[in-house]
Amino acid sequence: MTERVPQRNPWLVLACFLGVVAVVAAVGALAATSSKEIYERFDLPSWAPPVSLFGPVWTVLYVTIALSGWCYWRTDGENRGFAAYGIGLLVNLLWPPLFFEGGAAVLALLDILVLDVVVLVTIVLFARRSKLAAALQVPYLAWILFATALNTAIIVLN
């Protein structure tokens, strides 16, 4: 007789994904407590969004990032997909302290360029198992590509 492996509660796993992503968001926010003042001191391109837009956008993106990981998990996703997802969270976590607290806009640009690639790889790997998991990463990729352009413009203008 074979032993049955107990199934994990999907709602508990979703709560874990939301929790892990919330920790990344909170640590990033704590590492950039003076981000509003710093952002407003920069010479910004005409297309730069107001500082008030960042919080709501990132809140929605973090929820979609968590949902994406959960959707992928529900397909018994491969380790490579989870590795890319985790690396993306870690690289995401590094950007706020580099850019805002470290005053290292060039290093932050390198970080976000890596993030762009990692999120693209995550989308490709997730798409093999779940089109929904991959699609939930697309707004995130679009936003960080915009942020990459903004980071570059800030370096050039300042």
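## Model and conventions

This is a predicted model, in which local features need pLDDT of at least 70, side-chain atom pairs count only at pLDDT 80 or more, and totals for chains, interfaces and linings use all residues. Residues are numbered from 1 along each chain as its sequence is written, and side-chain values use heavy atoms, leaving out hydrogens and water.

## Helix α3 and its cover

Helices here are DSSP runs (H or I, at least four residues), numbered from the N terminus.

## Packing against α7

α3 and α7 pack at an angle of about 140 degrees, their axes 9 Å apart; axes are lines fitted to C-alpha atoms over the stretch in contact, and angles run from 0 to 180 degrees between N-to-C directions. Contact means heavy atoms within 4.5 Å. On the α3 side, residues including Val 57, Trp 58 and Leu 61 meet a set in α7 that includes Tyr 140, Trp 143 and Ile 144.

## Aromatic pairs

There are 15 aromatic pairs in the structure, counted when ring centres of Phe, Tyr and Trp (its six-membered ring) lie within 6.5 Å; planes under 30 degrees apart are stacked, over 60 edge-to-face and the rest tilted. Trp 58 and Tyr 62 make a tilted pair, 5.1 Å centre to centre with 35 degrees between the planes. These two are four residues apart in α3, so about one helical turn separates them. Tyr 62 is buried, at 14% relative accessible area.

Definitions and conventions. Buried means under 20% relative accessible area, exposed over 50%, partly exposed in between (1.4 Å probe, protein chains only).
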